[in-house]
Amino acid sequence: MSIDRRKFLKSSLLATTGALASPYIIGPVRAAGTVNVGVLFSLTGGLSIIEKSLHDATLMAISEINAAGGAKGMKINAIVEDGASDPKTYNEKASKLVIQDRVPTVFGSYTSASRKAVLPVFEKRNNLYFYPTYYEGFECSKNVVYTGAVPNQQLSNFIPWIIKTLGKKKFFIVGSNYIYPREMAKASKILIEKNGGEWIADEYLELGHSEWGSMVNKIKGSGCDVVLSNVVGDSVVAFYREYKNQGLTHDKLPICATVTSEIEIAAMGPEYAVGSYTSFPYFQAIDTDRNKAFVERYRAFVKDPKAVTHHALESSYFQVFLWKQAVEKAAEITPTAIREAVKGQEFDAPNGHVKIDPDNLHTYLTPRIAQWLPDGQGKIIDAYKEPTIPLPYVAYGETESNLFCTAKGLDTSKLKI
Amino acid sequence: MSDKRRFEIAIYLAFFAFIMCAPLVLEPFWLNRIAKYLVFGMLGIAVALSWGYAGILNLGQGLFFGAGAYMLAMSLKLASPTSLQQGSDRPVPDFMLWNAEPGSPTELCCINKASFLWLPFQHQWFGVFMGLVLPAGIATIIGIIVFRKRISGVFVSIITLALVLLVRLVVIDAQPVTNGFNGLTDLGWFKVGEFEFDPYIVPTYYFVAIALCLVLAAARLLIETRAGLILQAIRDDQNRARYLGFDVPLYQTFFFAVSAGIAGLAGMFYVVVSEFASPTFMDLTFSITMVVWAAVGGRSSILGACIGAIVINMISATVSETAGFAEAWKVIIGLIFVLVVLYLPRGFAGLAHDLLDRFLARGKAAPSQHAIEASDASQLAE
Amino acid sequence: MLEVLFIGLSVGSILLLVALGLAVTYGAMGVINMAHGEMVMIGAYVTVLSGIWLGVNIFVAIPIAFVVTALIGLAIERVIVRRLYGRLLDTLLATWGIAILIQQAVRLELGLSFFGIHIAGLGPGLQNVSVPAALQGTFMLGSAEINRYRAFIIVVTAVLTAVSWLIMYRTPFGTQVRAIIRNPKIAAACGIDVARINALTFALGSGLAGVAGVMMSGFKTVFPDMGTPMVVDGFMVVVMGGVGSLLGSVFSAGILGEINGLVAAGTNDILARAVVFGVVIMIIILKPKGLFSLKGR
């Protein structure tokens with residue numbers, strides 16, 4: 001009897017080890033006529049609420065491209081990984097996609113923390129990362145294509161408009177405590193002073209923190225007439241709710257946000273945001289046939305007639321098309337060739353015309369401002385007529401004629417504090 | 001040497017051999033991944049030492065892990081090409097530049113109020129030294145304050161929990177000095193002499209593996225010293241050990257500090273293999289997850305906790321790459337954890353020990369053995 | 001100034017609301033229930049679900065949540081906690097495991113999402129509860145503008161504390177619980193059915209957590225992870241207040257709330273939280289048994 005049990009234990013141990021070990025030794029098989037890409041977003045954890053929509057938009061773009069014949073005649077095969085809302089996991093999955101699966105490109109990341117955690121993988125292995133989310137700038141990596149807005153595409157239109165058109169001059173800047181809101185605040189202060197306003201306060205609250213009583217009380221007593229919000233994540237919901245609960249209204253003291261999008265509005269209930277403003281290149285309410293068709297297709301793809309689209313989602317969508325165009329132009333399917341080919345690529349995205357800047361690999365986008373309506377959609381009240389050049393170092397004095405980030409890299413001598 | 005002892009040594013040697021042979025079959029990506037799990041194995045050892053042997057349930061082990069990681073990461077950051085003025089003897093981390101007030105000098109000593117703390121980290125070995133000394137030092141201070149006051153059990157756990165949350169908040173808040181939530185990234189590689197430890201090459205794997213074997217052996221031998229035996233006596237009944245004249249707080253503090261030092265070492269190795277340090281190392285969930293590894297593997301078994309950590313993470317990674325199973329895996333591990341706590345308090349290592357005992361005892365089916373077992377059983381039943 | 005104090009009071013009342021159930025279970029049974037935060041989360045989800053499926057508002061959701069979470073608490077006690085009697089740290093860990101399972105159950109919509117079935121109101125997304133109009137907005141108290149919903153929470157917390165006190169000190173059940181707190185063996189020897197009382201105590205604690213969840217849903221987003229930070233805060237309040245002392249929990253919640261409010265008004269919220277942690281650590285070190293502790297056990 002004991003011999004049988006030992007045999008059983010031994011054989012099951014071997015079987016399990018074998019089963020567990022096999023994926024380590026055999027990698028993914030690449031069928032002829034296909035090209036693999038990595039898709040790396042958080043499908044679980046606190047950030048999955050937003051990142052899942054970015055994942056869905058990416059897959060939708062891939063399926064549309066495949067239905068139209070693929071890239072250079074090859075079908076795109078998406079290898080999906082879950083970042084689990086944790087930078088450590090992002091780092092690990094990025095390594096897997098780049099080193100084991102050997103994909104020529106990965107589409108991914110929402111937070112700057114996750115992008116920073118995967119950057120070493122892409123830079124040291126000379127691979128390519130397409131990052132769809134608006135961020136704080138100050139990056140000039142040769143291995144990342146940035147398709148989200150940078151501060152000059154969100155603030156350079158917003159601040160002057162608030163001061164001149166809205167007539168508000170005293171800013172209370174509030175944000176979540178990490179690099180994106182802090183850098184946005186820095187860029188904002190420069191713009192505020194340049195346009196003749198003044199900033200009264202620059203306060204931060206921990207990411208994910210939802211006790212806003214003290215902060216809103218501070219806002220009330222500060223004497224400001226507009227709140228510039230760089231608050232991120234589910235703190236946004238608690239913030240807007242507390243705002244209304246403490247009796248503040250958006251017609252007298254509006255919240256002007258850089259992050260609050262259709263998703264956060266849906267989560268908090270539109271009644272809390274009515275009358276407030278947000279600045280993004282893309283809003284679901286953009287009134288063009290192309291955008292309306294895009295929203296319909298997205299809703300059909302995720303099988304949710306009430307799904308909302310937002311800026312990072314739209315960037316996740318159109319960046320795949322830019323990539324496809326680069327692949328068709330490139331001589332071979334390698335990260336370096338694709339990167340060279342993507343420079344200057346243009347596409348008619350749902351938000352308008354977009355172009356990848358050949359110098360800094362960021363994207364020309366059209367800045368817009370919207371005011372939120374009771375149905376959860378934005379009414380676009382200001383829009384540039386054409387896309388604007390992306391300047392990731394605008395807070396340090398970068399201008400269109402004096403670029404800090406070029407194809408040669410970052411010119412650190414220009415970076416004076 | 002008894003049979004059991006011989007068997008145990010064999011198991012340890014088999015484990016060493018197993019992890020040393022990994023580079024023969026694995027390719028660089030998996031090698032790096034397994035190296036990360038070996039680091040977690042080190043953490044499992046730290047937890048087992050603290051909890052299984054000293055009886056201190058540290059719910060904030062992430063504090064020591066993170067401290068060790070940040071110390072080395074600071075040095076590696078200054079050595080990285082992204083630190084301005086690189087090549088000169090005055091590097092300045094790039095994030096300090098971004099966070100600086102307009103008009104500050106671009107010198108490490110004075111670019112912001114606390115940046116001078118970074119000055120000594122220009123020497124990599126200072127970072128290594130601090131990575132061991134800081135966690136052990138913090139643990140010693142905690143131990144001196146807490147154990148001398150005879151605080152024990154759940155209160156110690158709550159203090160460790162509050163501490164890790166506190167430090168995490170402070171690290172995130174002190175953005176000019178620590179780069180806040182994004183952590184320290186874009187690091188240089190760890191250097192010994194002229195040799196650089198690229199995270200994906202075989203020598204790096206061996207570096208981690210050998211370190212793990214040394215820590216494993218050292219911890220195992222440590223618990224067999226007189227100090228280790230006294231520690232176990234303290235764990236079993238603190239007051240009795242006190243009445244017998246042993247300086248209980250001294251032993252508790254010592255082992256708590258050793259456990260913290262191992263966790264700090266693990267933190268440093270993690271930075272070497274994954275090239276970043278982040279405040280998420282000090283998340284509460286991560287700290288408690290370490291306890292889960294040790295519980296499932298066997299809290300009172302150094303090797304058990306180590307293997308538990310490695311295996312759980314391996315399965316977790318593989319399963320999460322199969323669509324749809326990531327969430328289900330969390331359910332499975334939660335279930336296993338609850339069952340282990342209820343029915344297998346000594347973890348799978350405990351189960352292995354029991355099976356081993358039964359296997360060895362069956363070999364000598366002497367009536368005297370049965371009589372001894374019977375009398376033991378009747379004593380336990382009281 | 002009055003408004004700053006009010007906010008401190010409000011933060012304290014929210015702490016107490018969560019900690020009340022914990023004080024009951026920890027005080028009576030010495031059990032560290034890491035799943036307590038999940039009970040709060042379930043209470044919040046009950047509010048969401050009853051809003052969607054039964055069309056009722058917050059007030060009606062309160063008794064429903066109480067019953068649901070009390071039953072779940074009863075189940076947990078019967079199946080898990082009972083077997084770990086005396087093993088404190090193991091109870092902590094086992095309940096942490098239960099907490100993970102409950103979180104996943106909500107995320108995976110009770111497993112049905114595997115089959116493609118989605119239940120509105122569950123799942124990994126954020127949920128929303130609409131607050132009755134009577135509780136929105138502010139009212140004036142002297143020179144201060146007081147938020148109605150926060151005042152409502154303070155009122156509910158006060159009522160629940162009073163009810164808990166009544167149960168503990170004016171009912172036969174409460175007397176039995178207090179007897180068990182002092183010395184379980186003697187209590188058993190006096191004929192008290194310790195097992196049954198423990199089960200009911202745990203159920204009561206969980207039910208209180210459920211009501212706390214209903215209150216939370218009105219001003220916090222409802223999502224599966226919302227429970228974890230609450231159990232940490234709850235524990236600190238209870239451990240600082242002292243084992244088995246309701247008064248201790250009330251005091252420590254009040255103190256911690258006001259400290260948080262004042263420091264936040266003076267500097268920032270992050271430092272305020274750090275100071276609160278620091279205060280808790282100091283108090284545990286200086287008075288290890290808590291501010292008010294009962295002799296015995």
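Buried area is the accessible area that two parts lose on being put together, summed over both. By that account, the area buried between chain C and chain B is about 3,400 Å², with carbon and sulfur atoms giving 83% of it. The model is predicted. Between chain A and chain B the buried area is about 4,200 Å², and carbon and sulfur atoms give 58% of it. The count of disulfides over all chains is one.

**Chain C against chain B**

- On this interface, 36 residues of chain C are in contact with 37 residues of chain B.
- Leu89(C), Leu93(C) and Ile285(C) are the residues of chain C that lose the most area to chain B, and together they make up 17% of what that side buries.
- There is one salt bridge across this interface. It joins Asp90(C) and Arg299(B), whose closest N and O atoms are 3.1 Å apart.
- Three residue pairs are in polar contact between chain C and chain B, counting pairs with both residues at pLDDT 80 or more.
- Helix H4 (88-107), helix H9 (227-241) and helix H11 (269-286) of chain C are the elements that give two or more residues to the side touching chain B.
- H4(C) provides the largest share of that side, with twelve residues.
- Sorted by class, the side of chain C that touches chain B holds 28 nonpolar, three polar and five charged residues.

**Chain A against chain B**

- Here 41 residues of chain A are in contact with 51 residues of chain B.
- Three salt bridges are counted between chain A and chain B. One salt bridge is formed by Asp198(B) with Arg125(A), where the closest N and O atoms are 3.8 Å apart.
- Nine residue pairs are in polar contact between chain A and chain B, again with both residues at pLDDT 80 or more.
- At least two residues of the side of chain A that touches chain B come from each of helix H1 (2-25), strand E2 (75-82), helix H3 (87-100), helix H4 (112-124) and helix H6 (179-194) of chain A.
- By class, that side of chain A has 17 nonpolar, six polar and 18 charged residues.

**The disulfide in chain A**

- A disulfide is a covalent bond between the sulfur atoms of two cysteines.
- Cys140(A) and Cys405(A) form a disulfide, with their sulfur atoms 1.9 Å apart.
- The torsion about the S-S bond of Cys140(A) and Cys405(A) is about 85°, so this disulfide is right-handed.
- The pair links distant parts of the chain, 265 residues apart: Cys140(A) is in the loop between strand E4 (129-131) and strand E5 (144-146), and Cys405(A) is in strand E16 (residues 405-406).
- Cys140(A) is buried, at a relative accessible area of 14%, and Cys405(A) is buried at 0%.

- Cys306(B) is in no disulfide, and its nearest cysteine sulfur is that of Cys213(B).
- Cys213(B) counts as buried at 10% relative accessibility, and Cys306(B) counts as buried at 0%.

**Glu398 of chain A**

- Glu398(A) lies in the loop between strand E15 (378-383) and E16 of chain A.
- Glu398(A) has 2% relative accessibility and counts as buried, because buried means under 20%.
- Beyond residues up to four places away in sequence, Glu398(A) touches Leu391(A), Pro392(A), Tyr393(A), Leu403(A), Phe404(A) and Cys405(A).
- A polar atom of the Glu398(A) side chain lies 2.7 Å from the backbone nitrogen of Tyr393(A), and a polar atom of that side chain lies 2.9 Å from the backbone nitrogen of Phe404(A).
- Glu398(A) and Lys414(A) are 16 residues apart along the chain, and their C-alpha atoms are separated by 8.7 Å.

**Ser13 of chain C**

- Ser13(C) sits in helix H1 (residues 2-29) of chain C.
- Ser13(C) is buried, with a relative accessible area of 7%.
- Apart from its neighbours within four places in sequence, Ser13(C) is in contact with Ile153(C), Ile154(C) and Thr157(C).

Terms used
Residues numbered from 1 in each chain as written. Chains lettered and ligands numbered in written order. Predicted model: local features only at pLDDT ≥ 70, side-chain atom pairs only at ≥ 80, totals over all residues. Heavy atoms only, no water. Disulfide = S-S within 2.5 Å. Helix = DSSP H or I, 4+ residues; strand = E, 2+ residues; numbered from the N terminus. Buried < 20%, exposed > 50% of the residue type's maximum accessible area, 1.4 Å probe, protein only. Contact = heavy atoms within 4.5 Å. Buried area = accessible area lost by both parts, 1.4 Å probe. Salt bridge = Lys/Arg side-chain N within 4 Å of Asp/Glu carboxyl O. Polar contact = N/O pair within 3.5 Å; in protein donor to acceptor, adjacent residues only side chain to side chain. Nonpolar A, V, L, I, M, F, W, Y, C, P; charged D, E, K, R; others polar.
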